[in-house]
Amino acid sequence: MTSVLNPPTRVGSVGAGRARVEGPDKVTGAARYTGEQPDLGDVAYLWPVPATIAKGRIESIADAEVLAMPGVLAILTPDNAPRLQPPGDAELALLQSHDVSYRGQFVAAVVAVSLETAREAAASLRIEYTEQPHDSELSWDHPRLYTPDKVNPAFETDTDDGGVDAALAGSDVQVDQRYETPGLHNNPMEPHASVAVWHGDELTVYDSNQGAFSAQQTLAALFDLEPSAVQVINHHVGGGFGSKGTIRAGAVLAVMAARTLDRPVRAVLTRHHMFTVVGYRTPTIQRVRLGADADGRLNAIVHDAVEQTSTVLEYAEQTTVATRIMYAAEHRRTTHRLAALDVPTPRWMRAPGECPGMYALESAMDELAIACDVDPVELRIRNEPDRDPESGDPFSSRNLVRCLREGAELFRWSDRDPRPAVRREGRWLIGTGVASSTYPAYASPATATARAERDGSFVVRIAATDLGTGARTVLTQIAADALQVDPDVVRVEIGDSAYGQAGLAGGSMGTASWGWAVTRAAEELRARLDSGDAVPVEGIEVAADTAAEIKARSGFAYHGFGAQFAEARVDLDTGEVRVPRLLGVFGVGRIMNSRTARSQLIGGMTMGLSMALHEEGVLDPSFGDYVNHDLAGYHIAASADVVDIEATWVDERDEHVNPLGVKGIGEIGIVGTAAAVANAVHHATGVRVRELPIRLDRLLGRLPDPRRS
Ligand code: MOS
């Protein structure tokens, strides 16, 4: 008998602005984040001890007197910590050596019966070091710059067509400028948190990360366990931006301490710790050279980037790769140079590479527009390539021109007087700016299971992560459509490595990757049900794996595009910058959920606004560390900084990118925003700021005379 409870009802859930399925759980507190796991028994609390020197060696740790403090259970040091297998990620070799490679590196950890005791004890721990001279200052001509083999994740470091110098020299119009971006720090709402529980030789880790499966693999390798002996659970995660893409120091320390004490151990990093140990966006120094004819048609593009990494681990950010695909220019060169400094290791932060790189390129495009006296929207349209300039492959879809045109219309761009510093209302100078956005459309293999229950409901399982983005909700919609049922009868379970292989909530590829696997599993289950199989008591479960299908994808360049428009107002007397309007129009494939998509896009744009005006990690070279390591000293755009921000999209059908036609929206929103704001500030004031953030002191003294009417 076929199940009469599962009639195919095509409701077309995908695209609708469905509210987050776990929303009620989150607002009532029923959703448990890592640090809130109940019923784990006698949990002990871990507090890490950061190094107070930038480079050197630990000579001794006076742990005896701290160990005697009431409530202190253990002090982990390089002298007594469990030995780890050599990690692929050298940042995870916690307490395996006496060397100190950067200030703030965790060199010990205190475990106690309460958080307060652990904190007090950690502060009391005296460590003697031998200090060595350190170098933490990046510069354009740093003597130790080198060329990494690849840049993140596996791009060619340099590209060069060979004829670029002659092409530049022979161009009617040239732009040659240097742009700088500071270190920027990941500050998801939920700090990095881990709770480790051993059951004999089996390990369960609740961990706030962007991918339970890869966390499981990493922990198993470090602690020399079979992956099947490790379970990682991340049911709810409060943001990551890339900083939770790999497991972090706290997780390793918690697992070590739990082993040592044979007791569950919780480690939650403080905001202060996060500025050092979870990966920040590298500062960049970039030089962009453009050569064009008098009408602004590009003949040559050169984009060179200098960045930093640490001595622990090479992280080479792909700052100039977006430049390779953006505009038609016959001659192109892009390079990356790195200095390995005595600094914390930079890593991923929302749109690593594209974000700082496009700030420079899109600022330079604005400078070219002015040099050629061509409207900046028109300049970009004029340089639209008909295929990927680098690979020669066609784009699977590319709607940058449509985004620019529709954005210009919505933003009322045509009202604009192109002359800078001519629009003024009282003390405010007013201007508008535009910039392009782009981000690649990746996908990674995943397995999913779909199960029909006898009561007519469905359960879909995949080791996906919902960072607050709406992933769980979107997967529910995708599953419902593939099953041809109402989303209310589908329950999607995620956030558990036990559900099998799945990629990160990173690279803006969650929906493409997990949605692909969920679609295949659900389609197969639908076919089974349609073939007349009865649903037995134990239900019907099917699994799908997309590895082969994803590997077969080729022949196109897969990227999302967008256009961002900003209005800036600059106070003539104080240099204060306000951004009363921000508009983004994106061509990012099929939109699965209009509500959560808009939220992702405006979230990215808000972070881009924050980068343009506020965020700046200030490194003190004498300490070798970022000194403004809290939310008082490091300002992130708050509600009052954001006025009218809107994101929309063009209807884009992409049959090549993946079966769902999605391109990913988590990161593209931050790409280009800072340039749009900087370009608007230039239009408002006539002052070009080529160093982010656009602080008051970078404008003051350069603004027009306030008495001029
Ligand atoms: Mo994102 S930086 O790929 O998590």
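**Exercise 1.** Take Asp373: is it buried or exposed?

*Solution.* Asp373 has 66% relative accessibility, so it counts as exposed. The cut-offs are these: buried is under 20% relative accessible area, exposed is over 50%, and partly exposed is in between, with a 1.4 Å probe and protein chains only. Next, find its place: Asp373 sits in the loop between helix H9 (354-372) and helix H10 (376-382). Helices here are DSSP runs of H or I with at least four residues, strands are E runs of at least two, and both are numbered from the N terminus. Last, check the backbone: Asp373 isn't a glycine, yet its phi is positive, about 55°.

Before you go on, a word on the model: it's predicted, so local features need pLDDT of at least 70 and side-chain atom pairs count only at pLDDT 80 or more, while totals for chains, interfaces and linings use all residues. Residues are numbered from 1 along each chain as its sequence is written, and side-chain values use heavy atoms, leaving out hydrogens and water.

**Exercise 2.** Now find Phe241 and say where it lies.

*Solution.* Look in the loop between strand E14 (230-233) and helix H6 (249-261); Phe241 is there. Its phi is near 65°, a positive value in a non-glycine residue. With 27% relative accessibility, Phe241 counts as partly exposed.

**Exercise 3.** Which residue is joined to Pro693 by a cis peptide bond?

*Solution.* It's Leu692, and omega is about -5°. Pro693 itself belongs to the segment after helix H16 (673-685).

**Exercise 4.** What is omega for the peptide bond from Asn152 to Pro153?

*Solution.* Omega is near -10°, and the bond is cis. To place Pro153, go to the loop between strand E7 (150-151) and strand E8 (155-156).
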